[in-house]
Amino acid sequence: MKLLCCVECNQVFNLSFDYKECAGKHGGGQYVDRVNAKVWGDLTKIFVLGFANSSFISAMRNQLEHGDQAAEFYYAGSMTPKGREFTAFVIPEAAASIERVRDRFDPVDPLHLLHQ
Ligand SMILES: [Zn+2]
């Protein structure tokens with residue numbers, strides 16, 4: 001799963017076949033096929049994040065099967081259950097699965113993409 005993060009807007013959202021931009025229009029993007037995405041924006045403001053899918057699914061399954069963990073985590077002044085961790089990462093600029101461009105591009109029609 002790929003997400004776009006704008007540090008100016010403090011916003012994170014999933015990339016999908018439907019083109020999306022951050023609220024401040026600093027960057028945006030979309031999937032261009034089932035694996036690859038195209039993203040525009042300043043490399044110092046717009047980051048593409050990835051969830052390691054197997055790790056993410058495992059964390060959700062553990063939560064569903066076992067419920068909350070014991071309240072052994074100190075946060076905001078009290079003990080609380082710690083959330084289940086999973087692996088996420090900043091996708092590197094050189095990643096083959098992301099085409100990075102500086103300037104805004106015209107969205108590609110998702111219906112066209114789905115029929116590739
Ligand atoms: Zn923004």
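These are my notebook entries on one predicted model.

**Entry: confidence**

I checked the confidence scores before anything else. The protein chain has an average pLDDT of 93. I noted that 97% of the residues score at least 70. Then I went through the elements. Strand E2 has the highest mean pLDDT, 98. Helix H2, residues 110–114, has the lowest, 69. Where pLDDT is low, predicted coordinates should not be read in detail. I left H2 there.

**Entry: the sheet**

In which order do the four strands of the open sheet lie? I read the order as E2-E1-E6-E9, and the pairing is antiparallel. E2 (11–14) and E9 (88–90) are the edge strands. Each has a single partner strand, so one side of each has no neighbour in the sheet. From one strand to the next, the twist averages 25 degrees.

**Entry: strand pairs**

I went through the pairs one by one. Strands of a sheet pair through backbone hydrogen bonds.

- E1 (residues 2–6) and E2 run antiparallel and are joined by four bridges.
- E1 and E6 are also antiparallel, with five bridges.
- E6 and E9 run antiparallel, with three bridges.

Next I looked up single residues. Which residue of E2 is the bridge partner of Cys-6? I found Gln-11. In E6, the bridge partner of Cys-6 is Ile-46. For Gly-50, I found Phe-89 as the bridge partner in E9.

**Entry: the core**

I turned to the largest nonpolar core and listed nine residues. Leu-4, Cys-6, Leu-15, Cys-22 and Tyr-31 are among them. Ala-37, Val-39, Ile-46 and Val-48 complete the list. Which elements give two or more residues to this core? They are E1, E5 (37–41) and E6 (46–51).

**Entry: helix H1**

Helix H1 covers residues 53–66. At 1.5 Å a residue, its 14 residues should span 20 Å. The end C-alpha atoms are 20 Å apart, so the two agree.

How many of the 14 residues of H1 are buried? I counted zero, where buried takes 20 or more other C-beta atoms within 10 Å of a residue's own. H1 therefore lies largely in the open.

Last, I looked just past the end of H1. Gly-67 follows there, with a positive phi of about 70 degrees.

Key: Residues are numbered from 1 along each chain as its sequence is written. This is a predicted model: local features need pLDDT of at least 70, side-chain atom pairs count only at pLDDT 80 or more; totals for chains, interfaces and linings use all residues. Two strands pair if DSSP finds at least two bridges between them. Axes are lines fitted to C-alpha atoms, for helices over the stretch in contact, and angles run from 0 to 180 degrees between N-to-C directions. A nonpolar core is a set of buried Ala, Val, Leu, Ile, Met, Phe, Trp, Tyr and Cys residues joined through C-beta atoms within 7 Å. A residue is buried if 20 or more other C-beta atoms lie within 10 Å of its own, exposed if 12 or fewer, and partly exposed in between; C-beta atoms are placed from the backbone. pLDDT is the predictor's confidence in each residue, from 0 to 100. The expected span of a helix is 1.5 Å times one less than its number of residues.
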